Structures are given as structure tokens and as C-alpha cells.
Number of protein chains: 2
Amino acid sequence: MTSEAHPQPGGHAVPLGFEHHDHSACVTTALKAAEARCAEERLRLTPVRRKVLELLLQDHRALGAYAILDRLREEGFGSQPPVAYRALDFLVENGFVHKIERLNAFVACAHPGQSHSPAFMICRICDAVAEAQSAPAKGALGAAARAAGFQIERTVVEAEGICPACAEKADA
Amino acid sequence: MTSEAHPQPGGHAVPLGFEHHDHSACVTTALKAAEARCAEERLRLTPVRRKVLELLLQDHRALGAYAILDRLREEGFGSQPPVAYRALDFLVENGFVHKIERLNAFVACAHPGQSHSPAFMICRICDAVAEAQSAPAKGALGAAARAAGFQIERTVVEAEGICPACAEKADA
DNA sequence: GCCGATAACGTTATAAGATCACATGGGGGT
DNA sequence: ACCCCCATGTGATCTTATAACGTTATCGGC
């Protein structure tokens with residue numbers, strides 16, 4: 001549903017924010033950082049989990065669980081849904097990956113290690129996803145929650161629209 | 001998954017904001033308002049669509065498409081998924097109903113007619129849903145979008161936490 | 001009032017997303 | 001070395017959502 005093999009064979013020039021950037025470097029960096037944090041916190045970054053994180057970092061876009069599962073199968077891992085879902089659960093719980101509710105899909109965290117209240121911008125044309133920080137509990141929503149006596153634990157903030165690249169194409 | 005028959009047989013004292021209120025009146029009012037707006041805008045509020053809206057207004061909580069479908073079947077409407085999904089598509093497109101992405105479920109709009117940038121508070125214990133207004137595009141997210149050149153068309157804002165009623169129970 | 005276009009409906013089938021339950025295996029701590 | 005826990009692999013199943021296609025109702029123009 002969300003996307004297949006990425007179009008850039010070379011391994012760079014893939015949208016992160018929405019800017020292009022050298023990519024292969026950023027994947028290995030992020031992976032190393034994840035390893036470090038897991039070692040530090042006694043978390044087990046097993047082969048499947050590491051692979052799933054790597055896949056998401058490589059694609060740098062939202063991937064559905066079954067797209068991930070397909071790749072795992074190709075790499076010789078188990079091929080039943082729980083394999084992918086369990087790895088994703090671990091990665092999401094520990095903040096390495098976020099779920100995009102709107103797409104029922106997953107992206108690697110773009111700001112790992114930092115405090116989490118992520119907001120996403122999702123291009124409805126190409127499904128590219130950019131991550132920003134948000135503080136929804138500080139605005140109108142926070143006020144409404146306080147007034148209602150509702151205790152916010154977590155927020156989902158996802159903006160749908162058009163990314164710069166697709167906007168440019170539309171103009172042409 | 002989300003919820004079954006509602007616990008209050010009488011038809012009142014069901015959470016809206018999260019406050020209790022006389023309910024049967026509010027259903028008929030909202031239904032009349034919807035009829036009026038449809039007439040005005042040449043929208044066809046057909047029997048299925050009207051029934052789905054009525055069901056959602058009655059329950060005043062998030063219902064999954066298949067829960068709705070069950071009720072439709074009981075009422076003698078078609079019983080295949082597209083029947084429910086098409087009615088929901090219509091209602092969502094026209095702002096009578098909102099989809100709660102987090103729950104893959106639907107609620108009747110609590111502020112019909114007004115401008116739409118809804119935010120939701122979802123109780124993770126009882127699945128009650130309250131609707132508030134939000135303006136996410138005005139805060140940090142809006143700034144990030146402008147900086148990135150992303151055009152926001154729609155936003156999903158959903159806060160997960162504990163509603164007042166469930167917080168009280170937990171204290172006891 | 002009739003007719004053509006369009007939109008809504010009903011049904012079958014199937015895709016996509018997610019979880020349950022249970023057996024097996026590998027690693028770390030003592 | 002042992003045990004136990006956690007993670008993995010697998011099969012089955014459940015929920016959510018859409019595709020495709022024929023039929024029926026409704027609206028607007030005449």
C-alpha cells in the first residue's frame with residue numbers, strides 16, 4: 001500500500017526532512033547510535049530488530065509491516081507476520097521507530113535519543129514522511145484537556161498535504 | 001475491537017465531552033441539523049447514511065466499521081462491508097463524522113457545521129472519545145511546515161490518555 | 001411525464017493489517 | 001553447568017478495508 005523498493009539505486013538523494021542528503025552515511029550513523037544506546041540500556045538489538053531498523057533507515061519513508069516482512073524473508077529471516085510485528089513493537093516502544101497511524105505504516109525516528117513528541121508531515125502524493133517536533137499539549141488541546149480533566153499521555157500529530165518535490169512537479 | 005452495545009440502556013448519561021448530558025434530545029437535534037445542511041447543499045442523506053449517522057450519534061463513542069455494519073444488518077440494510085464504508089466515506093467527507101486513526105474507528109462530529117480542525121482525546125481505558133478544536137498549523141508544526149515548504153491540507157491530532165471517569169475509578 | 005446520465009446500493013471476492021497460541025532455541029546470570 | 005527468560009519461528013485466525021461489477025434509484029432537462 002505504502003511503497004515498494006525505493007527509486008534511487010545509488011543509496012543517496014532520498015527525502016529525509018524533505019531535503020536531499022547523503023544517505024548511506026546517515027544510515028550507518030543511526031545504526032551505530034542505536035547499538036550504543038541498546039548496549040547502554042541493556043536492550044537487546046537482535047538481528048531481526050537491527051535489520052528492521054536498517055530497512056526503515058534505508059528507505060527513509062513509511063513502510064507497511066508486510067513490506068518489511070517481505071524484505072525480511074528475502075534476507076532469510078522468518079516470514080510470518082509476528083516476526084515483523086514483534087520487531088516493530090520493540091523498536092517503537094524504545095523510540096527508534098514511529099508508527100504513522102494515518103498510513104498504518106512505520107518510519108525510523110529522525111531525532112533519536114531526543115525527547116519524544118513527534119509530529120509528521122505526510123505527502124499524499126508520494127508518501128514521503130518528514131518528522132518535526134510538536135508540543136500539542138501546550139496549545140488549544142492542552143487547555144481543552146485541562147478543562148475536561150483529561151490526562152494526556154501521548155499524542156498523535158500527523159499533517160497530510162503536499163511535499164515540496166510534488167508541489168514542484170504539479171506546477172510544471 | 002473498539003466497543004460493543006453501549007452500557008446505558010436508557011439512552012442518556014453517555015459521555016460526550018466527558019460530561020454526562022441528556023442524550024436523546026441531542027441525537028434528534030444533530031440529525032435534524034444534518035438533514036437541513038444536506039438539503040441546503042444538495043447532498044443526499046440517504047437512509048443508510050442517515051442510519052449510520054444516527055448510530056454514531058446514539059453511541060457517542062468510536063465505533064468500528066464492522067460494529068456499524070452489524071447494526072445495519074439488524075435494521076435490514078445490506079450487510080457487506082462496502083455498505084458501511086461508503087456511508088462512512090460520505091459522512092466523513094462532509095464533516096458529519098470523523099475517523100479516529102488511532103482506533104480505526106468513527107465518531108459523530110461534536111461540532112457540526114463549524115470549521116474543521118478537530119482534535120480528539122481518547123481514553124485508553126474505556127475508549128471514550130471527546131472532541132476539541134485545535135490549530136496545530138499555528139504552532140511548532142506550522143513553522144516546521146513553512147520552513148520545509150510543505151503545504152498542510154489536513155491534520156490528525158489525537159491525544160491518548162485517561163478520561164476523568166476512569167481516573168476516578170483508578171483512585172478508588 | 002419521459003429519458004438519459006449519474007450516483008447510490010447490494011453482493012462476491014479478495015487484499016491488507018494485526019494478533020493468538022504454542023513449540024523451539026539461544027544467552028545471560030548464578 | 002544449569003536454568004530460566006526472552007526472543008524466534010510457525011500455523012491459524014481475526015479485523016479492517018477495497019476492487020469489481022451488475023442493478024436500482026434519483027435528478028435534471030426536455
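I started with helix α2 (residues 47–59) of chain B and helix α4 (residues 81–93) of chain B: their axes come within 9 Å and cross at roughly 80 degrees. Axes here are lines fitted to C-alpha atoms, for helices over the stretch in contact, with angles from 0 to 180 degrees between N-to-C directions. Helices are DSSP runs of H or I with at least four residues, strands are E runs of at least two, and both are numbered from the N terminus. I call α2(B) and α4(B) roughly perpendicular, because 65 to 115 degrees counts as that.

This is a predicted model, where local features need pLDDT of at least 70, side-chain atom pairs count only at pLDDT 80 or more, and totals for chains, interfaces and linings use all residues. Residues are numbered from 1 along each chain as its sequence is written, chains are lettered from A and ligands numbered from 1 in the order written, and side-chain values use heavy atoms, leaving out hydrogens and water.

Which residues meet? From α2(B) I listed B:V48, B:R49, B:V52, B:L53 and B:L56, and from α4(B) B:V83, B:A87, B:L88, B:F90 and B:L91 (contact means heavy atoms within 4.5 Å).

Next I looked up the open sheet: six strands, mixed pairing, in the order β4(A)-β3(A)-β5(A)-β5(B)-β3(B)-β4(B). Strands pair if DSSP finds at least two bridges between them. The edges are β4 (129–133) of chain A and β4 (129–133) of chain B.

Last, I checked β5 (residues 151–162) of chain A against β5 (residues 151–162) of chain B: they pair antiparallel over eleven bridges. A:I152 sits opposite B:G161 in β5(B).

Technical notes: Angles under 35 degrees count as roughly parallel, over 145 as roughly antiparallel, 65 to 115 as roughly perpendicular and the rest as oblique.
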